[in-house]
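Open the model in your viewer and keep the selection panel at hand. The stops below say what to select next.

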Amino acid sequence: MARERLDEPGLGLTGIDWTRVSAKLVWTELITTLVIGLVVTAGLVLIGVVNAGFGSGAGTVWLLIGIVVLVITLVTAALTPRRVRAIGYALRDDDLVVRRGLMWQRFTAVPYGRMQLVDVARGPLDRALGMSELKFVTAAAATNVRIPGIPATDADELRDRLVELAESRRAGL
């Protein structure tokens, strides 16, 4: 796992060693983005062609929407490697901090004592590339904290470490 030191002084996150997710995550993100984008684009173009065959002006509108979806898909695919590099996590004394995002950066701190469940998930592409995704359930109902692209062996070790930390922090409550 690649580690880097980045300081976010305005957020009180100075001197933290961030762990990056696996670079293989780019492939799963690219495949997912391109498959969904191209299927939706093909569907919109097909609707446009069918409507154009009936002499309706709506066919042109559907074709234009298809082109817009294709452009958005290609831009998203082009930004995927940089977006994946922006995902990282850090284990601090009292919490786990997860960062993600390019333009809209998001830093989420999950106190160990609030963790109720640490789930390891592996989809078909993840299994093929030897990766996992960690999902956290906390005391808050709306929590959606997840760390994708962790190597499978590291994910199991990290899960066990987080469960151990969570149990030790809850015992003090």
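At what angle do the axes of α1 and α2 cross? This is a predicted model, where local features need pLDDT of at least 70, side-chain atom pairs count only at pLDDT 80 or more, and totals for chains, interfaces and linings use all residues. Residues are numbered from 1 along each chain as its sequence is written, and side-chain values use heavy atoms, with hydrogens and water left out.

Select α1 (25–53) and α2 (residues 58–85). Helices here are DSSP runs of H or I with at least four residues, and strands are runs of E with at least two, numbered from the N terminus. The two axes, lines fitted to C-alpha atoms over the stretch in contact, cross at roughly 175° and come within 7 Å. Therefore α1 is roughly antiparallel to α2 (an angle over 145 degrees, on a scale from 0 to 180 between N-to-C directions).

Next, select T80, in α2. T80 counts as buried because its relative accessibility is 0% (buried means under 20% relative accessible area, with a 1.4 Å probe and protein chains only). The T80 side chain reaches the backbone oxygen of T76 at 2.8 Å. Beyond its neighbours within four places in sequence, T80 is in contact (heavy atoms within 4.5 Å) with V26, E29 and L30.

Last, select L96, M115, L134, F136, I147 and L162, the residues with the most contacts inside the largest nonpolar core, which has 26 residues. Such a core is a set of buried Ala, Val, Leu, Ile, Met, Phe, Trp, Tyr and Cys residues joined through side-chain atoms within 4.5 Å. Its largest share, five residues, comes from α4.

How values were computed:
Buried means under 20% relative accessible area, exposed over 50%, partly exposed in between (1.4 Å probe, protein chains only). A polar contact is a pair of N or O atoms within 3.5 Å; within protein, one must be able to donate a hydrogen and the other to accept it, and residues adjacent in sequence count only if both atoms are side-chain atoms. Angles under 35 degrees count as roughly parallel, over 145 as roughly antiparallel, 65 to 115 as roughly perpendicular and the rest as oblique.
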